[in-house]
Amino acid sequence: FQLSIRNSFIFTFATVALSFVVGFFCAWLLNEVKRGRTFYRVLIVLPWVISPVIAGYTWRWLVNDQFGFLNHALKSLGLIDHNIIWLGDQNLAFITVIIAASWRLFPFVMIMLLAGLQKVSATLLEAADIDGASGWQKFIHITLPQVWSVVVVILLLSFIWMFNDFGIVHIMTKGGPLNSTMVIPVLIRILTFQHLRMGTASALALILAVMLMTLSIVYLKIT
C-alpha cells in the first residue's frame, strides 16, 4: 500500500510535469504558426483521442526487447549495441510508463494552453515591445498572468486524471517488475480479482476516492 501511494505520486507529478512542458512548448509553437495551424493541431491531438488500451499496446510493441521499433532504431543509429529490456528493468520500466502516459496527456495540455495564448492581448505585447521589454519579461509579466487561470485548471485536471489512471500502467507492466510501477488503481484491481481481498480493495478504493474528491473540490472552487 505504501509503495503504491509513493509510486502514484511520483507517476502523477512526473507525468503532469513532463506533459505540461511539452504541451506548453507545442502550444507556443502553434501560436506562432500562421499557416497550417489546424493541420498541425489535429496531428498533435491524435494521441489524446486514441484509446488508452490501444496506446498501451502500441507502446508495449515499441519498447519490446526482442522486436520493438525503439531498440531497432537505437541500434541503427549506433547508440546501443544490444537490446534494452525497457519493461524488465525497475527504473527503466517506470520511466517508460511515465513517457507513455505523458505522450497521451500532452495534447490536452497543448489545446488548453493554445486557447489561452490566443486570448493574450496583442496590444499589451506591442506596448511591451515599444518599452523595450525582453521576451522573458513579456512572458512573466504579460503572458503568464493572462493564462494563469488556464494553467491552474490544466494542472488540477491532469493531476486528478493521472492519479486515477489505470490503463497505461496495467497494460504495459501490470505493476511490475517487482512492483516497481505499482500504482493505486492497479493494486485495487489485483487485490479484487487476483487475491479476492474485497474488503482491502474497497478500503483502498475509498481512500483513493477521498483523495480525488478533495482535488475535485479544489478544482470546483478555483473554476
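So, α9 and α10 are roughly antiparallel to each other, and that's where I'd like to start today. One thing to keep in mind throughout: what you see above is a predicted model.

Where does that description of the pair come from? The axes of α9, residues 184–193, and α10, residues 198–222, cross at roughly 160 degrees. Anything over 145 counts as roughly antiparallel, so the label follows from the angle. The two axes come within 8 Å, and the crossing is left-handed.

Which residues of α9 meet α10? On the α9 side we have Ile 184, Pro 185, Leu 187, Ile 188, Leu 191 and Thr 192. Facing them in α10 are Met 198, Thr 200, Ala 201, Leu 204, Ala 205 and Leu 208. If you sort that contact by class, you get 10 nonpolar residues, 2 polar ones and no charged ones.

Let's step back and look at the whole chain for a moment.

Take the contacts with a separation of 6 or more: 69% of them are between residues 24 or more positions apart.

Okay, next pair: α1, which is residues 2–32, and α7, residues 135–163. Their axes are 10 Å apart, and the packing angle is about 140 degrees. That makes the two helices oblique to each other, and α1 passes α7 in a right-handed crossing. From α1, the contact uses Ser 8, Phe 9, Phe 11, Thr 12, Phe 13, Thr 15, Val 16, Phe 20 and Phe 24. From α7, we have Phe 139, Val 151, Ile 154, Leu 155, Ser 158, Phe 159, Met 162 and Phe 163. The class count here is 13 nonpolar, 4 polar and no charged residues.

In α2, look for Arg 41, Ile 44, Val 45, Pro 47 and Trp 48. The α5 side includes Trp 103, Arg 104, Phe 106 and Leu 114. How many charged residues does this contact have? There are 2 charged residues, along with 12 nonpolar and no polar ones.

Now for the loop between α8 and α9, and let's start with Thr 181, which is found there. Is Thr 181 buried or exposed? Its relative accessibility is 1%, so it counts as buried. Its side chain makes a polar contact with the side chain of Thr 173, at 2.7 Å. And who else is around? Setting aside neighbours within four places in sequence, Thr 181 is in contact with several residues, among them Asn 7, Ala 93, Phe 94, Val 97 and Val 169. Gly 175 and Gly 176 are on that list too.

Gly 176 brings me to the backbone. Most residues other than glycine have a negative phi, and most peptide bonds are trans. With that in mind, look at the bond from Gly 176 to Pro 177: it is cis, with omega near -5 degrees. Pro 177 also belongs to the loop between α8 and α9.

Then move along to Leu 178, which is in that loop as well. Its phi is near 55 degrees, so here we have a positive value in a residue other than glycine. Leu 178 is exposed, with a relative accessible area of 71%.

Where is Leu 196? You'll find it in the loop between α9 and α10. Leu 196 has a positive phi of about 55 degrees, although it is not a glycine. It is exposed, with a relative accessible area of 60%.

Last stop, Ser 216, back in helix α10. At 24% relative accessibility, Ser 216 counts as partly exposed. Its C-alpha atom is separated by 23 Å from that of Pro 145, which is 71 residues apart from it along the chain.

Conventions. Residues are numbered from 1 along each chain as its sequence is written. This is a predicted model: local features need pLDDT of at least 70, side-chain atom pairs count only at pLDDT 80 or more; totals for chains, interfaces and linings use all residues. Side-chain values use heavy atoms; hydrogens and water are left out. Axes are lines fitted to C-alpha atoms, for helices over the stretch in contact, and angles run from 0 to 180 degrees between N-to-C directions. Helices (H or I, at least four residues) and strands (E, at least two) are DSSP runs, numbered from the N terminus. Angles under 35 degrees count as roughly parallel, over 145 as roughly antiparallel, 65 to 115 as roughly perpendicular and the rest as oblique. A crossing is left-handed if the near helix is turned anticlockwise from the far one by less than a right angle, and right-handed if clockwise. Contact means heavy atoms within 4.5 Å. Ala, Val, Leu, Ile, Met, Phe, Trp, Tyr, Cys and Pro count as nonpolar, Asp, Glu, Lys and Arg as charged, and the others, Gly among them, as polar. Buried means under 20% relative accessible area, exposed over 50%, partly exposed in between (1.4 Å probe, protein chains only). A polar contact is a pair of N or O atoms within 3.5 Å; within protein, one must be able to donate a hydrogen and the other to accept it, and residues adjacent in sequence count only if both atoms are side-chain atoms.
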